Amino acid sequence: MQIIIIEDEYSFNQIIYNSINKILIKKDLDYSLKTFKEYDDNLRKIIYNDDIKIYIIDLKLDGHSGYDICREIREQACDWNSIIIISSVHNEKENIVSLRLGIFTYLSKLCDFESNLRETILFAIHIMKKNKFLKINRDCEISIKDICYILKEKNSKYCVIKTFYDEYRIRKSLKELEHKLHFKKHKNYLLINENNTRIIEKNRIVFHHKIEIKCE
């Protein structure tokens, strides 16, 4: 699990780091906790790697907007699975920008910041652990990162999920799976996991491990 802190104010940077570090040590989790005071090449490399992360981003960085970083994570790096938490000196209301960028929540630096941070991180960790797997049925769940594509069966209430290792049928709608997994909709009947693709063409998609699907 990677947790990325982007905060240019030293005191808050340390508060966030120390609070989260204590939580993760108590939980005995395998984690990487990194802090940044500005947007730089090292942060950019992290944004564009394939790992799912938890971000805590200051809304107003020196010379950079927290929303700009959010847009890069979502729209340019195509990462819709990582959790983004915004910290601000104000209570930010839900708005079109936050909905469009999938902001998890806002934390006010002026109101019970440490307590709210601890509660938020614990909830985010719970979601991350839960979202690593997709439940197929009562006895089976699969790793989301292993999914290549999801295909809607014709004239059926089922979808076919193709992983690197097997195929599964699940009684869920394509729309429901799209909302949960944030995979890219390539056709009206097809969702693809872009993290596992090598070639995307109009009528053909090639995934890692030589898995391929023809699109009508």
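This is a predicted model: local features need pLDDT of at least 70, side-chain atom pairs count only at pLDDT 80 or more; totals for chains, interfaces and linings use all residues.
Q: Why is the contact between Asp-58 and Lys-109 called a salt bridge?
A: The side chains of Asp-58 and Lys-109 come to 3.2 Å, N to O. A salt bridge requires a side-chain nitrogen of Lys or Arg within 4 Å of a carboxyl oxygen of Asp or Glu, so the contact qualifies.

Q: What parts does the pair of Asp-58 and Lys-109 tie together?
A: Asp-58 belongs to strand β3 (residues 53-58), whereas Lys-109 sits in the loop between β7 (103-108) and α5 (113-131), so the pair links parts that are 51 residues apart in sequence. Both Asp-58 and Lys-109 are buried.

Q: What makes Glu-176 partly exposed?
A: Its relative accessible area is 41%. Buried means under 20% and exposed means over 50%, so Glu-176 falls in between. Its salt-bridge partner is Lys-172, at 3.3 Å, N to O.

Q: Why is Lys-172 called partly exposed?
A: Lys-172 has a relative accessible area of 27%, and this value lies between the limits of 20% and 50%, so the term applies.

Q: How do you know that Glu-212 and Arg-204 form a salt bridge?
A: The closest N and O atoms of Glu-212 and Arg-204 are 3.7 Å apart; the cut-off is 4 Å, so the pair counts as a salt bridge. Salt bridges with shared partners connect Glu-201, Arg-204, Glu-212 and Lys-214 in one network.

Q: How many salt bridges does the structure hold?
A: The structure holds 11 salt bridges.

Key: Residues are numbered from 1 along each chain as its sequence is written. Side-chain values use heavy atoms; hydrogens and water are left out. Helices (H or I, at least four residues) and strands (E, at least two) are DSSP runs, numbered from the N terminus. Buried means under 20% relative accessible area, exposed over 50%, partly exposed in between (1.4 Å probe, protein chains only).
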